[in-house]
Amino acid sequence: MKNTSIWTCKRVLRQVACLVGVLAIAACTPVTTQDSMVFTDSNIIAQAPTGYCVDGAASNPETGFAVLALCATLQGGGAIPSTAAVATIQIGAANSGMVAGGETALRDFLESDAGAALLSGSGDSSTISVVDAQSSRGRVTVNFSDSAPHSMPGLQSHEWRAFKDINGRLVTVALRGLATAPLDESTGIWLLNAITTGISPVVFAQTDAQSSES
């Protein structure tokens, strides 16, 4: 991995670490929600899984940031199932993509002491344990436990993250369940994959004129 790629990874990871958990789970009043968000600057769309919505108030499409939580919670009512969680999506800057072709390097970096320090909420690698990073074509995932205090009380200490490139940008997804109803390993991985798969390039429909010209 090139030094510039590692620097980009550090910058984005730190940004996501600071932003995860900005949403209050117990919403007192309904907030603006939607089932998807388009990041026009990068031509990327994030489609929330069934039962989850984008928190319009906490998200900022102009900076490539979105918060996902249960629709029932965001709308101020409804039962919270055992899969309750909060996720953040961060779209990196132009040309920040560094996963494709570097999957193994990123996976190994996340399992190193330097990677643990970046995953830690306090920047201290000693707070990180049970790190398991996996790489596949075009994607790297990692789950870990962090004993450092989280910016949002009430979330479990175990976290799942995924990294992939879309339109030349590094996309990072971070996920945690509730401390009172934590996600288990299989559910965490399933929900992380569902959210990550829902992030894709915007596909523009052809107009009739374009279709007739092709």
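A residue is called buried when its relative accessible area is under 20%, exposed when that area is over 50%, and partly exposed in between, with a 1.4 Å probe and protein chains only. The model is predicted, so local features need pLDDT of at least 70 and side-chain atom pairs count only at pLDDT 80 or more, whereas totals for chains, interfaces and linings use all residues. Residues are numbered from 1 along each chain as its sequence is written, and side-chain values use heavy atoms, with hydrogens and water left out.

## Salt bridges

A salt bridge is a side-chain nitrogen of Lys or Arg within 4 Å of a carboxyl oxygen of Asp or Glu. The structure contains four salt bridges, and the table lists some of them.

| Pair | N to O distance |
|---|---|
| D41 and R169 | 3.4 Å |
| D108 and R107 | 3.1 Å |
| R176 and E159 | 2.6 Å |

Helices (H or I, at least four residues) and strands (E, at least two) are DSSP runs, numbered from the N terminus. The salt bridge of D41 with R169 links distant parts of the chain: D41 is in the loop between β2 and β3, R169 is in strand β10, and 128 residues separate them. D41 counts as exposed because its relative accessibility is 58%, whereas R169, at 12%, counts as buried.

In the salt bridge between D108 and R107, D108 is partly exposed at 40% relative accessibility, and R107 is partly exposed at 25%.

R176 and E159 also meet in a salt bridge. R176 belongs to strand β10 and E159 to strand β9, so this pair ties together parts that are 17 residues apart in sequence. R176 is buried, with 3% relative accessibility, and E159 is buried, with 2%. Salt bridges with shared partners bring E159, R161 and R176 into one network.

## The sheet and its helices

Two strands pair if DSSP finds at least two bridges between them. Strand β8 (residues 139-146) runs antiparallel to β9 and is joined to β9 by seven bridges. Within this pairing, N143 stands opposite W160 in β9.

Contact here means heavy atoms within 4.5 Å.

## The nonpolar cores

A nonpolar core is a set of buried Ala, Val, Leu, Ile, Met, Phe, Trp, Tyr and Cys residues joined through side-chain atoms within 4.5 Å. The largest such core has 32 residues, and L68, I89, L175, I195 and I199 have the most contacts inside it. Among the elements that each supply at least two residues of this core are β5 (65-70), β6 (85-91), β10 (169-177) and α5 (185-197). Leaving aside neighbours within four places in sequence, the contacts of L68 include Y52, C53, V54, I89 and I195. A second, separate core of 15 residues includes M98, F109, A116 and V140.

## The disulfide

A disulfide is identified as a pair of cysteine sulfur atoms within 2.5 Å. One disulfide is found in a search of the whole structure. The disulfide joins C53 and C71, whose sulfur atoms are 2.1 Å apart; with 95° about the S-S bond, the link is right-handed. C53 lies in strand β4 and C71 in helix α2 (residues 71-74), so that distant parts of the chain, 18 residues apart, are linked. Both cysteines, C53 and C71, are buried.

## Backbone angles

Most residues other than glycine have a negative phi. N43, in the loop between β2 and β3, has a positive phi near 55°. N43 is partly exposed, with a relative accessible area of 35%. N95 is not a glycine either, and its phi is positive at about 70°. N95 lies in the loop between β6 and α3 (103-110), and at 74% relative accessibility N95 counts as exposed.
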